[in-house]
2 protein chains.
Amino acid sequence: MPSYIAPVDDMMFLFEKLRDNKNYNEIEKYKEVSSDLVRNILEEAAKINQNLILPLAKKGDENPAVLENGVVRTPPGYKEAYQKYIEDGWTSLSCDPKYGGQGMPKTVSAFFDEMLSSASLSFKLYSELSIGAYNCINHHATDEIKNKYLPKIVEGKWSGTMCLTEPVCGTDLGLLKTKAAPQSDGTFKLSGQKIFITSGDHDLTENIIHLVIARATDSPAGTKGISLFLVPKFIVNEDGSIGPRNGISTGSIESKMGIKGSATCVLNFDEATGYMIGKKDKGLNAMFTMMNLERIVVGIQGLGISEIAYQNSLAYAKERKQGKTNKTKSTNGADFIIEHADIRRLLLNMKSIIEGERALCFWLSQQTEVSLNHHDEKVRQEASDFVSLMTPVVKSLFTDLGMEITNDAMQIHGGYGYTKDQGIEQLYRDNRITPIYEGTNSVQAADLVFRKLSNKNGDIINKYIDLIKTETDLDNEKIKPFIKEFKDYLNILVKFSEWINEKTKTDRDDVSAAANDYLKTLGFVSVAYAWIKVLDVSFKDYNENKNFYDDKINTAKFYFDKILPRAEQHYKSAISGSSNIMNFKFN
Amino acid sequence: MPSYIAPVDDMMFLFEKLRDNKNYNEIEKYKEVSSDLVRNILEEAAKINQNLILPLAKKGDENPAVLENGVVRTPPGYKEAYQKYIEDGWTSLSCDPKYGGQGMPKTVSAFFDEMLSSASLSFKLYSELSIGAYNCINHHATDEIKNKYLPKIVEGKWSGTMCLTEPVCGTDLGLLKTKAAPQSDGTFKLSGQKIFITSGDHDLTENIIHLVIARATDSPAGTKGISLFLVPKFIVNEDGSIGPRNGISTGSIESKMGIKGSATCVLNFDEATGYMIGKKDKGLNAMFTMMNLERIVVGIQGLGISEIAYQNSLAYAKERKQGKTNKTKSTNGADFIIEHADIRRLLLNMKSIIEGERALCFWLSQQTEVSLNHHDEKVRQEASDFVSLMTPVVKSLFTDLGMEITNDAMQIHGGYGYTKDQGIEQLYRDNRITPIYEGTNSVQAADLVFRKLSNKNGDIINKYIDLIKTETDLDNEKIKPFIKEFKDYLNILVKFSEWINEKTKTDRDDVSAAANDYLKTLGFVSVAYAWIKVLDVSFKDYNENKNFYDDKINTAKFYFDKILPRAEQHYKSAISGSSNIMNFKFN
């Protein structure tokens, strides 16, 4: 079984030294979230993840969730762990105190998301969608519904799902067939089939609150006729108690490559009672509130799995002897593989990506809080635009690099990485869903180039590049070599952005074919931007903690030497255009 | 279950049009291997792979090989299929007619290896190591041993293994502990444990012939005291009949990420009778004969799995509708995903890599045959040097790109690629062993930079680059744009080679840290070289088969536009050196 120690020090470094967003620091309600409080939370979080949740990963892989007589049973140990998890209040960490939450900002809860992803993604998914449902209901439902459902969801006694996909519609929700027939009492009867529903059924909670998109029987075809409904597994009585079973049954659960502890369900809705959330035919907008926050969390999943893959690769490299290094001092026998240049390169590849991603994610958490909670609407809007821009980048880049990192972890472990005993190959299999769900990474890339670079508020990508330019205009002598290199790649991003902008007007297929490459270039440059912030602190506060900052500076150097050059290759590959691709005859 | 149609036309194109090695064409015994004969063989090979072997892949994944009461049982259907396989003579395809083989050159048998890898890697492994054992015995054993063992191995009634790895020695064979005690009759008694032994035990053949490296009790420590022994599962009587069981037992079999149909065994040798092959203490040299040919076959495995991943991605893209394209003609509903630029890009990524690899592999097969069979020793030696140079490249590049391609295949299939039903995720899991076994890809890269670029015969890499320069000095007008771009990347390879050569003298850690990048640059340029050969034929013979050659030309164009630029990024990343990497303190 892989081991895991939560990287609390690195997280606290970010919370204490990188909380540099002026607007974030103006949010009144977070002013009392002190470093001491946060360290306390993270240390408690580390304990539950390391001790209670981590062992569930292997258990869930060996004893997948099963469907027996119409009932989904979670793997052994999940129930007991979930009880402890909700008793300790972890579901409520980022929720509104009004509904029983602890009101922590995403600058803190994102760290918890990362730890939980490291410990067991399968287990995490049973509460993750509850937070998604919480956010969606909180933003779009009536007070009546909020008061009825949110306290139980926040408490963790009820869980949530997002029911979007159907057999013929994954990416393309306009094709959905699930119908909602209006009833005289204002409710709806939903009928249809939803597939790939994460935590669609399970035995951990008293009730499951499904958020379902469906087409009202009198609504138009396509995406303009989609509404959002709250459909509980058990009807909730007026007094909040659990009533009769609703018309929802579990048809089957998927047998998957990984996250086997998580139940991925086919749900059949047969005249199930549902309550409309938000406006009729505007269901996709409401669902996207939930999905956008969820997409960032999926990026964090990739980061969390990368972290545990790195930790175990490092530990193995320190205990496995094989071959002699170029400068071996051994006269007999092999050296530890951590002495080999190529293994060190792989480890630094992981470390420099992970720590850069964590810093970028912290930047994004601040922006997200500003977008949700700043008192000035204009400030909120600008932050929201940055969050929208970077959501597909974080989702795709972190999950793709998670595959690279878990794959490299197997390689460092050699044959032992391929066998089941050590649990390393499971990390790849579990992570492999992250580039697929919540919109495949290609869908994210298309979203980025066609909808996020500019919007009704103007040219968002240029505002973002201007922000980077301002924030990296640093005159510390030691940081200058980094800045010099950074500017070269920022220029590539500028040129690439101009190319995309131009091609969007003249040949959208060129843009479609380049979208994944563009996302990568933007992503690698953004991680470098986060590293510049880390470097700035590292040089300024160097004498406070020399070992820590030496580690940061040298890790950053690796990123700039070895990873950042990838940004250029993506640009070169992309600008050759798409005519050959589009004209190709696939026989 | 994935479908598969063997790419016989592409293989025949290579056999008929790319058989351009003058020395190969001088080999007397292959002059009668006609196109008609080869097409006949490939069509029969296609049938058995498509019909009989392909279904074994999923069966083996769902019903892995098991160890019961000390006996390994292969998955359902393997026995019957193996019987048919050997009755039809497929084990003997490339073996010497003297021992019952069909004497086909590797220019043909490599195609069969590819098909079999596409159909079922697990099933393939039961006969693949037999061919390895055949080669090793044929090159290094006495006539007595050859006559006793080879006919049965060629016939497929007995199979073979390579027993190298032990618990503390994988890459580093000098550490091995298995002992061989000399007996008065000239035989040895072997005792020790071998792990990760592919097909170490199974129920498909009457006997298993293990080739085991061990240390004679009076031999020195380290790699200079290793000898090679033939150790049969059952002692073979003087008359060739099966005698008593030898002192070998199966301790356990591995539970693995993939190739679950293949039994990966822990073998315990307890005073097992063995016969020395080749010279005492020179066992590694003999084993490397077997390993080098085997490494090329592992590269071909990566190619074969890539091919089936591509075929199924293409078929799915043609039947799955999702989203609208930029130039949609649909007024209602989605377009086929093959109309989307990004999906087309992924498909061409696969196709251009696969066909380029197949062409490069065909070039290598010709060189291999020249190295083994040309009448002129000097010619043999030069070809052998090229084969040695390109063996680690083909092994590593093809298997790493196999991971990229099987991974992309999952992505194209979306959620359906992650579930077990369609068998797509199995392709990744099965392929994932190929960058690990037969020497990890990092071991291959180290082998390349430290042992293959130059040897006692001189500067091999420069001879190779000169060969490429001569062969790509083409004046066809249509090929010129390709040649122009190719020269840019060839120059990068030249500079990178000079850098490696220089650093080998001054800082070997720089070379170690750059080895994987160098292998990739050499690999991508070599695949481009193979594409240039294909292009040359395509332009010259264009009117013979316009559709076929248009397909080739446009596929090549994709490779040059989108894939070849990666060669430069590896160079840039590598030349930043290793001092930061080597000095890094991993806390």
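Domain bounds are those of an automatic or database domain assignment. On this basis chain A of the predicted model comprises domain 1 (8–143), domain 2 (159–281) and domain 3 (453–576). The C-alpha centres of domain 1 of chain A and domain 3 of chain A are separated by 30 Å. Residues are numbered from 1 along each chain as its sequence is written, and chains are lettered from A in the order in which they are written. Because the model is predicted, local features need pLDDT of at least 70 and side-chain atom pairs count only at pLDDT 80 or more, whereas totals for chains, interfaces and linings use all residues.

Chain A contains 19 helices and 13 strands (DSSP runs numbered from the N terminus, with helices being H or I of at least four residues and strands E of at least two). Its radius of gyration, taken over C-alpha atoms, is 24 Å, close to the 25 Å that the globule rule gives for 587 residues, so chain A is as compact as a globular protein of that length; the rule is 2.2 Å times the number of residues to the power 0.38. The C-alpha trace of chain A spans about 80 × 65 × 55 Å along its principal axes.

The contact between the chains draws 66 residues from chain A and 65 residues from chain B, where contact requires C-beta atoms, placed from the backbone, to lie within 7 Å. On the chain A side, at least two residues each come from α9 (341–373), α10 (377–413), α11 (415–418), α16 (508–540), α17 (546–563), α18 (566–574) and α19 (579–583). This side of chain A consists of 23 nonpolar, 24 polar and 19 charged residues (nonpolar: Ala, Val, Leu, Ile, Met, Phe, Trp, Tyr, Cys and Pro; charged: Asp, Glu, Lys and Arg; polar: the others, Gly among them). Of the interface residues of chain A, 98% are also interface residues in chain B, so the copies meet through the same surface.

Definitions and conventions. Two residues are in contact if their C-beta atoms, placed from the backbone, lie within 7 Å.
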